[in-house]
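Subject: Structure handover and notes

Hello,

Here is the structure you will be working with. My notes come after it.

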Amino acid sequence: MSSKSDAKQEREIKIVGFLCNWCSYGGADTAGVCRFRQPTDLRIIRIPCTGRIDPLMIVKSLIQGADGVLVSGCHPNDCHYAVGNFYARRRMEVLKRFLPYMGFQSERFRYTWVSASEGQIWQQVVTDFSETIHRLGPNPGLHQTVDSAPAVSWF
Amino acid sequence: MDDKTNALREHVKGIFSNLELVLGWEPGYDPLHTRPFYVRTESDIDRLTANCLSVHNLTRYLAKSMNAVDPAADGRKIGVCVKGCDSRSLVALIQEKFVSRDRVYVIGLPCRGTLDARRIRALVPDPARIRSVNAEGDELVVETDQGISRFALDRAIARKCLQCRYPNPVIHDVLIGDPVTPRLKIDAENPSVAAVEALSLEDRLLFWENQLDRCIRCFACRNACPLCVCQNHCIMETRMPKWLTQYRNMNEKFMFHMIHALHLAGRCTECGECERVCPVGIPVALIKEKINAIIYEMLDYESGIDPEAVPPLLTFSPKETGI
Amino acid sequence: MSGKIYVAHDALSGLLDDLSKKFRVWIPQMMDQASGHIAFGVYAPGKKPELTRRSRLSPKKILFPSTDTLFKFTHVKDPKDPVRYTIDLKESFDNGPTLVFGARPCDTRGFQTFDQVFLKGQYKDVYYERRRQNTLFATLVCQDSDTACFCSSVGSGPADMTGSDMAVIPIEGGYVIEGLTDAGRKLVEASGSAPSPEQAAEAEQIKQKTAAMKVGEDDLTGYADDLTRRFTDMDFWREQVSPCITCGICTWVCPTCYCFSITDEASGMSGERMRSWDSCMFYLYTLEARGHNPRPTKMERYRNRVGHKFSYFPKKYDGMVSCCGCGRCIRTCPVSIDIRKVVKELKETADDRA
């Protein structure tokens, strides 16, 4: 995507964050308590565990116009529910590799593991991801009509 | 598939007393169509056909239209005719326990390819004049009221058949016909997926938007899929939570296909029915084929091969690294 | 003037360009070359009408869109007392002058069914009515029937111009377009020059010849009571309906299916009330709030579909069969269920099946 200058970014960037209640939400809380500063584009949705995340939630967010989607959970082997993030790890990776095939920029989706005490890491993750999304620019969404499209032949 | 009608009828006649019913095919409304057929009595057996027009995946009825899990009171089984691709769907149903292996009698039919009705129209200018079509080896023999024409079979078969890796049923109680050499090796790259990936990212989006724009949200792809067993209670039609609204815009159509494809991640067996039934000709199977390729690359797994395997997104491995 | 004009093949786009200055012109178009999908779309210069092959989808959506906004609503808070609010409603009508060019008799006949239900009787459907009043139909005399067509079996035919304002007759080198109603004649006479006597004679001959053709061997108009007789014969319905996958394609492509659902799509303080197509083939169609479903299986639902078209509708509307014989349901059905076969076999008695 072409990078847009700050002057052209009329609407604010919205990044949706799915954070697991135990580790990552705690980590974000720790970052707050320690007064670490990070960009304010992230809108957090608290979920019990990353194992609860349906990849379709990420897809729906992107289609509806979210500029970025961040998923964060407990480190593997440290899941509060023991195995939730093991499921999540497979689903998130499949989704990450699938998005570019349909024409979505996979950089707009990121999944990480941040534990409750890692406030500093949380700050880094949010800052880094926000910078990536700002660089990519607002999500253009889907074209509502298509006048011309490339043809692909497989016969 | 070469014509196996007689051999199939003979076999079913011999075994029918042990079977409650047999799922097969019978001639349809014109020489280019057959239709699924339930053989319920001995006199029905002579209506069976099995040839290049036997496109339907009959395993779809096992999980959705009958109880194929519990044994019958009299111990009789449900017979089902499967081509190579269909047999994988059957194994996938067994994997997910929607069908019990003991409840079905599997009649396997090795297959060289089934005809794509749309491609036939391009080959024969006036399809209304067709009297019969038959696959003989690598050729398609078409009889019209003007005589006989022969075409290379590859010009008439479905897209999925051109890249077939499993022409021989992976599960069967009997095999009717000789095994067929696969067109592609099991780990071969999917040529149609590669064709889409050759486009730039922007072009890929435009390609899919252009294709999905035609979607009329008829739900045929979902209903034809053997593995979409939630059919009457599907989240695409529920309003609580409201995944999809009634709007027919690009966002909704795109989301519909993402839901369908992702719900089949790690489960789809590439039987191609979704693409065949689409009334507006969208290559929907192509979306799922990419997810299958990802799972094969990531987890070395293919759905519908091993009846004991658990679909990978329904399980986990604590020792996985690199993710 | 004769009320007829001649348009050569290469002059057709010129004619459509002119017409699209006065109307929104809908034509059958090739939507996607790779899949061969033909459907109705709005004409724009450069788009080529597809008049020698049938369309997959019917032109039903022109008068009865698949999603139709009935009105928009906004909750407006009372500034003095924010707990109270009024609802602001904005009607939504989309009914500019429209011309459907190149539909076939079966397509136009579909609207005859709609007219009975939506226009006659005590309550008129205002949305349909306004669109209908503003739409003219230029219908092809059809030469392209195939193994699934059966318009003659349901009281119509390949040259049936009921409900059409103009007939478009394919002749050597082009088309003769003949005005049939006052509005049609007026439009035709303003749009081109008269055909030569030979062309007019050829057109007339083709029209007569086509009108004499029988598309579909049977007469399917008299089965209303047979359905009632066979209503509870579940073995019959099981035999006919077993392959069905209840996908609903038959109802989406059908020119005469008119069932709809009304939903409110809102987010926040505003939204739209929408009407959208519904299908009697779905489980949800008759699912009641407490969980009971009077048509729990596909057998009851398909019985209802056939019954509606060939029995309930004719009984209510003077014997008119709701089906128009276009054959789209047969062609697009994933399992090739043939509604003609189901109806014909209604006449067999239980003894015949022994």
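Predicted model: local features only at pLDDT ≥ 70, side-chain atom pairs only at ≥ 80, totals over all residues.

Residues are numbered from 1 along each chain as its sequence is written, and chains are lettered from A and ligands numbered from 1 in the order in which they are written.

Contacts between chains

Chain A puts 29 residues into its contact with chain B, and chain B puts in 37; two residues are in contact if their C-beta atoms, placed from the backbone, lie within 7 Å. On the chain A side, α2 (55–64) and α3 (84–98) each supply at least two residues. The largest share, 9 residues, comes from α3(A). Helices (H or I, at least four residues) and strands (E, at least two) are DSSP runs, numbered from the N terminus. By class, this side of chain A has 18 nonpolar, 5 polar and 6 charged residues. Here Ala, Val, Leu, Ile, Met, Phe, Trp, Tyr, Cys and Pro count as nonpolar, Asp, Glu, Lys and Arg as charged, and the others, Gly among them, as polar.

Chain B also touches chain C, with 29 residues of chain B in contact with 32 residues of chain C. On the chain B side, β2 (34–39), α4 (117–123) and α8 (220–224) each give at least two residues. That side divides into 13 nonpolar, 8 polar and 8 charged residues.

Domains of chain B

Chain B is assigned domain 1 (5–175) and domain 2 (191–314), with bounds that come from an automatic or database domain assignment. Their centres, taken over C-alpha atoms, are separated by 24 Å. The contact between them takes 24 residues from domain 1 and 23 residues from domain 2. On the domain 1 side, α3(B) gives the most, with 9 residues.

Strands

In chain B, β5 (130–136) and β6 (139–144) pair in the antiparallel sense over 6 bridges; two strands pair if DSSP finds at least two bridges between them. They form a hairpin with 2 residues between them, and B:Gly137 in the turn has a positive phi of about 65°. β6(B) also pairs in the antiparallel sense with β7 (147–152) of chain B, over 6 bridges, and these two form a hairpin with 2 residues between them.

Chain C has an open sheet of 7 strands with mixed pairing, in the order β1-β9-β8-β7-β6-β2-β3. β1 (4–8) and β3 (37–42) of chain C each have a single partner strand, so one side of each is left without a neighbour in the sheet. β1(C) pairs with β9(C) in the antiparallel sense over 5 bridges, and C:Val7 stands opposite C:Tyr175.

Nonpolar core

The largest nonpolar core has 217 residues, and those with the most contacts inside it include B:Leu62, B:Cys81 and C:Ile177. Such a core is a set of buried Ala, Val, Leu, Ile, Met, Phe, Trp, Tyr and Cys residues joined through C-beta atoms within 7 Å, where buried means that 20 or more other C-beta atoms, placed from the backbone, lie within 10 Å of the residue's own. At least three residues come from each of domain 1 and domain 2 of chain B. Not counting residues up to four places away in sequence, B:Cys81 touches several residues, among them B:Leu8, B:Ala50 and B:Ile107.

Regards

Terms used
Buried ≥ 20, exposed ≤ 12 C-beta atoms within 10 Å, placed from the backbone.
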